[in-house]
Amino acid sequence: MKTEKPLVPQGPLLIAPASRRIVFGWLLLGFLANLLPWPDAWRWLIPDFTLVVMLYWCIHAPHVVQLGLAMLLGLLADITVGSLIGLHGLTYTLAAYAALILRRRLENFELAGRFLHLLPIFLGQQLLTLLLGLAFHEPDVDWRFLAIGMTSAVTWIPVAHLLDRLTGWTPEMRIEPADGNGRSAK
Amino acid sequence: MANAPMFARAMGLPARLALYTLLCLGLMVVGSQFDAMKSFRSLAAGVINPIQAVLAKPFIYLGDMAEFFTVHGELVRENRELSNEQQRLAIQLQNYRLLQAENTQLRKLLHLPLPAGTRPLAAEITHIRPDPFDRRLTIDKGALEGVVAGRPVIDASGLVGQVTLVSPTSSEVSLLTSSEQAAPAMDQRNGLRLIVSGTGSDDLLEIRYLGQHADVRAGDVLVTSGIDGVYPAGIPVARVLRVEPQRQTPFARAVCEPIGEIGRHRHVLVLLEHHKAAK
């Protein structure tokens, strides 16, 4: 028995957008995860949890996480990492901007597809951070830290899966294009 | 949507991006060129560092616990090694005590006053014949060293037995306790002559045909009398334990214990005749 899929999610499928409390709670968790005493020898492999959580909410709660919050989180990261203030602020803002631009497109992809879209964002953010640091005042840079972009992108998969499950978001809930070109009437 | 603004007064996304980018770049320039950010940074560190310390606490505890188990394992291993070592040392100590006892006995043998006309030959017991009927032991001296069958064998405290079989490099000694051995003896207290025989038991001798009224008492020490020409006089043989009158025969029987520590030491002396040594 085939029924037409409604234009917007109905009944139990209709979920409330993530509340501010949940979003900020998860951002705080990500921030604390960054503060954990990771072994120094493996620093260059430890993903940037704050960025991972932030990008997830950029996509799924754009009404909460905007560029301004991204910049604040970046400045916070600058303070904890001890880098030049504004360095992470700038790269976080740019990463959030890229995610916000890609948001509508990303909603149409499964986890793997979203991962492939986000990988260049993570890598680019890390590369830009290193380059800017080098350009401004650091005499030398450890290029192994580029690996953080990779590990962050990989970490994004389980984090996004977990948050999807917790918020009840499924790909079926995405709002199909309303122009009636037949894709929605499958 | 009642409170939605009628006109979009917020900046567009690219505009905000440009603003924040400029802001951050400005901060970076200021931070890199001037020391303006230093005090702010130290203030922020004052907030962040305690949080970081609290977060590190459980991991420090975990590390301590891991260390505890490592140390525990090390201790267990060390304990095992030490107990092995201790066992080894205990065996060594036992050997040492054995050697000490042997040494004491050999010294006693060295200082033994010997009967006249005899020459001692120290011999080591190589093995004891596991014969249930005949008490004999083998010593490592034989005819080549001048041992002759019939010579008495003593140890530091008294008579042990008699050489009964001689081969070039070893000899067999029949013990005094062997049931077919007998030694002429004399009560040290009153000079009464007796014959002490073995019973086949390791620690009992007897005087078989004792007159009913013979003056032998418990505690008397019997020494060899020397009248048979085999045993030199004066070697302690036995101590009387008790005298038993017997119903069936007109003779009494005295039970004695040997004075020589038969079967307890590894070294004995064979008493050789002096003139043989001169040869």
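Of the 186 residues in chain A, 49% count as buried, where buried means under 20% relative accessible area, exposed means over 50% and partly exposed lies in between, for a 1.4 Å probe and protein chains only. For chain B, with 279 residues, the buried share is 30%. The model is predicted, so local features need pLDDT of at least 70 and side-chain atom pairs need pLDDT 80 or more, while totals for chains, interfaces and linings use all residues. Residues are numbered from 1 along each chain as its sequence is written, chains are lettered from A and ligands numbered from 1 in the order in which they are written, and side-chain values use heavy atoms, without hydrogens and water.

**Chain make-up**

- Chain A has 6 helices and 0 strands. Helices (H or I, at least four residues) and strands (E, at least two) are DSSP runs, numbered from the N terminus.
- From the N terminus on, the elements of chain A read α-α-α-α-α-α.
- Chain B has 3 helices and 12 strands.
- Take the contacts in chain A between residues at least 6 apart in sequence: 69% join residues at least 24 apart. Contact means heavy atoms within 4.5 Å.
- In chain B, 57% of the contacts between residues at least 6 apart in sequence join residues at least 24 apart.

**Nonpolar cores**

- The largest nonpolar core has 50 residues. Such a core is a set of buried Ala, Val, Leu, Ile, Met, Phe, Trp, Tyr and Cys residues joined through side-chain atoms within 4.5 Å.
- The residues with the most contacts inside this core are A:Leu27, A:Met54, A:Leu55, A:Trp57, A:Val65 and A:Trp156.
- At least two residues of this core come from each of helix 1, helix 2 (49-60), helix 3, helix 4, helix 5 and helix 6 (147-167) of chain A, and from helix 1 (13-33) of chain B.
- Another core lies apart from it, with 39 residues, among them B:Val153, B:Leu176, B:Ala254 and B:Ile262.
- A:Leu55 touches A:Ala95, A:Ala96, A:Ala99, A:Leu118, A:Ile121 and A:Phe122, leaving aside residues up to four places away in sequence.
- In soluble globular proteins, nonpolar side chains tend to be buried together.

**The largest pocket**

- The largest pocket holds about 710 Å³ of space. On a 1 Å grid over the protein atoms alone, a pocket is an open set of points where a 1.4 Å probe fits, with protein on both sides within 12 Å along at least five of seven lines. Grid points are joined across faces, edges and corners, and the volume is the space filled by probe spheres set on the points.
- Its lining has 33 residues, and A:Val81, A:His88, A:Gln126, A:Phe145 and A:Ile148 lie nearest the centre. A lining residue has an atom within 4 Å of a point.
- Helix 1 (20-35), helix 3 (67-81), helix 4 (87-106) and helix 5 (111-136) of chain A are the elements that give two or more residues to this lining.
- By class, the lining has 17 nonpolar, 11 polar and 5 charged residues. Ala, Val, Leu, Ile, Met, Phe, Trp, Tyr, Cys and Pro count as nonpolar, Asp, Glu, Lys and Arg as charged, and the others, Gly among them, as polar.

**Cysteines**

- A search of the whole structure finds 0 disulfides over all chains. A disulfide is a pair of cysteine sulfur atoms within 2.5 Å.
- A:Cys58 has a relative accessible area of 0%, so it is buried.
- B:Cys256 is buried too, with a relative accessible area of 0%.

**Residues to find in chain B**

- B:Val173 sits in strand 5 (residues 171-175). Its relative accessibility is 0%, so B:Val173 counts as buried. Its contacts include B:Leu137, B:Ile139, B:Val153 and B:Val163.
- B:Val147 lies in the loop between strand 2 (136-139) and strand 3 (152-154). B:Val147 counts as buried because its relative accessibility is 4%. Among the residues it touches are B:Leu121, B:Val270 and B:Leu272.
- B:Gly200 is in the loop between strand 7 (193-198) and strand 8 (205-211). At 27% relative accessibility, B:Gly200 is partly exposed. B:Gly200 and B:Ser179 are 21 residues apart in sequence, yet 4.6 Å apart in space, C-alpha to C-alpha.
- B:Thr249 belongs to the loop between strand 10 (236-245) and strand 11 (251-258). B:Thr249 is partly exposed, at 34% relative accessibility.
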